[in-house]
Amino acid sequence: MAQVPQTFFDALAVRTWCGLALEALGRSREEIDAINVYPVADGDTGTNLYLTVESALAAVEAVFTGHEVGGGAGAPPLADTVQAMAHGALLGARGNSGTILAQLLRGMAQVLAAAGDGGASSLGETPGETSHSDARGLRLALRHAADSARQAVAHPVEGTVLTVASAAADAATGAEGDCGTVARAAYEGARAALAATPGQLAVLERAGVVDAGGRGLVAVLGALVETFTGERPAAVAVASPVPVASPVNGEHARVPAESLADCLDGAADLEEGGPAFEVIYLLEAEDAAVTRLRERLDALGDSLVVVGGDGLWNVHVHVDDAGAAVEAGVEAGRPYRIRITHFAVGDVHTTGGGRPPRERVQRAVVAVVPGEGLAGLYTEAGATTVLARPGEPPASGELVDAVRRAHALEVVLLPNDADLRHTAAAAAEQARTEGIRVALIPTRSAVQGIAALAVHEPDRRFDEDVVQMTSAAGATRYAEVTVAERQSWTTAGICQAGDVLGLIDGDVAVIGSDVTATAETVIDRMLQAGGEMVTLVLGDEAPDSIAERVEARVREVYLAVDTVVYRGGRQGSLLLIGVE
């Protein structure tokens, strides 16, 4: 992370801000989760905000990496950086507050990108002369962010993160000075608005807490202050600073922080019934279709937030009919990364008060999988899955979230990708700090994960189970057949765009022109060292006949070798191969 303070809002400042914001949310995540009572008391606002910013930071870091690899001097352009930040937040947005935060960042990016391109004459810059924005640009960005976020919510409610964002923008508008002065004014305005949220929203008043989403935004704005001044603002109180009505007896009294949990339980008891499901998905659709989608979803449920633009949207809604919400997305365009959460499972929802916490299971397996078909296979085997799409690897926060969802005392983590080794290790370390025993098995492919899962026995001692799973994964050689996207040097020679590549244990071993022939050659080479079973995982774009032809060849040439075939869905590769 870059050094602070920064002088202008340039690419380096964006990178610094995102890094500091992630640290700030990391420090306050549990606290924010604990005060989450609106719109649903499901205790995940802090986690959702953290995951959203983590995705934004990952996108920003990718821009810096690409700029360095491309031989660019200095930092990348501001426009590229803020657009990546907004896009990353959009892809990684979680929950109601995370989705709104993504729109806040998108709103800022629209103004700052124009300044960075030198094309925003309203900022008083000559086109093309700079790749940074100043205090005036920051004021405009905060204003546009607050306005666009409010427009993205179907029915804005005061006393929420929207109120806090508007107050920050109002305070920044009247601030004169440099970026640090504007950032501090926005922070102070947000903090004052946050303290007032219990008086604007009855559920907060009954619980004796401030709004969780607003508290998260204050943390993000505090990171902005630190970016430009080098000073970290003081901690913010989460309990209401004014007398509030006790949820127990209705008498007005100052609620101490130590009784926070009791207050939250009481607040949940007082809430009215609400929808049973949270539905979130990314959607590729035209503007006109999204307008119709908003109307359709607004009639189905509440807490509707639709953010994004330029053909890509993030849709969030609470409904009783989750299928209808997804079908509405299908009618509007192409929904994907669909996440449906039943509030009745392990959450306190507005349909009733606090229930006894769900008892943890002894052991669970969490696995990263590259396609919907494999996700179904792993789920049927009892694993909690994290779906990784081509070019969109999961962040460590997503893996930690999956470990928590597994709700187990002991977790075996299967990254199923060599490039996810460090990400998975960071997630495991975080989970361990939360009291969960985690063993990371360094699987490099989903077929190695299948082999490990096949020998998993929850009733066995944890260490013995991990050893057996690790041994099964290590005894499985892995390969994939894919298509080259561009000309490149490989360990098997020079390939051209469109060539079929056969990779064995991560290295290109075969360059061919026919998918089935390349797959047969790869399997021949792998079985030269012996093997008892061949696992084939077919991608959506694999030829229909490939499984039948490969199975026939294995039967004819390798009499003692069995073959099993699975459908992987949109997994990136045409074919995944495992040999045990």
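The lining of the second largest pocket in this predicted model is made up of 22 nonpolar, 12 polar and 12 charged residues. Two or more lining residues come from each of the strands β7 (361–369), β11 (477–483), β12 (488–490) and β14 (500–504). Among the contributing elements, β11 supplies the largest share, with 5 residues.

Rolling a probe the size of a water molecule over the atoms shows where empty space is left. Across the whole structure, 3 cavities of 30 Å³ or more were found. The largest cavity has a volume of about 120 Å³. It is lined by 14 residues, of which L104, M108, L142, L217 and L221 are the closest to the centre. Helices α4 (95–116), α5 (135–152), α6 (161–173) and α9 each give at least two residues to this lining, and the largest share, 4 residues, belongs to α4. The lining of the second largest pocket, by contrast, includes 12 polar and 12 charged residues beside its 22 nonpolar ones.

Contacts between aromatic rings were considered next. A pair of aromatic rings is described by the distance of the centres and the angle of the planes. The structure contains 2 aromatic pairs. In one of them, F9 and W17 lie 6.0 Å apart, centre to centre, with 85 degrees between the planes, an edge-to-face arrangement. Both of these residues are buried. The rings of F9 and F228 have centres 5.4 Å apart; their planes meet at 65 degrees, over the cut-off of 60, so this pair is also edge-to-face. The F9–F228 pair joins distant parts of the chain, 219 residues apart: F9 belongs to the segment before α1 (11–34), whereas F228 is in helix α9 (residues 212–229).

The relative accessible area of F9 is 1%, and F9 is therefore buried. F228 has a relative accessibility of 7%, under the cut-off of 20%, and so counts as buried as well. Through these ring pairs, F9, W17 and F228 are linked into a cluster. A further contact with an aromatic ring involves a charged side chain: R15 is placed over the face of F64, 4.1 Å from the ring centre.

How values were computed: Residues are numbered from 1 along each chain as its sequence is written. This is a predicted model: local features need pLDDT of at least 70, side-chain atom pairs count only at pLDDT 80 or more; totals for chains, interfaces and linings use all residues. Side-chain values use heavy atoms; hydrogens and water are left out. Ala, Val, Leu, Ile, Met, Phe, Trp, Tyr, Cys and Pro count as nonpolar, Asp, Glu, Lys and Arg as charged, and the others, Gly among them, as polar. Rings of Phe, Tyr and Trp (its six-membered ring) pair if their centres lie within 6.5 Å; planes under 30 degrees apart count as stacked, over 60 as edge-to-face and the rest as tilted. Buried means under 20% relative accessible area, exposed over 50%, partly exposed in between (1.4 Å probe, protein chains only). A charge sits over a ring if NZ of Lys or CZ of Arg is within 6 Å of the ring centre and within 35 degrees of the ring normal. On a 1 Å grid over the protein atoms alone, a cavity is a set of points where a 1.4 Å probe fits but cannot get out, and a pocket is an open set with protein on both sides within 12 Å along at least five of seven lines; lining residues have an atom within 4 Å of a point. Grid points are joined across faces, edges and corners, and a volume is the space filled by probe spheres set on the points.
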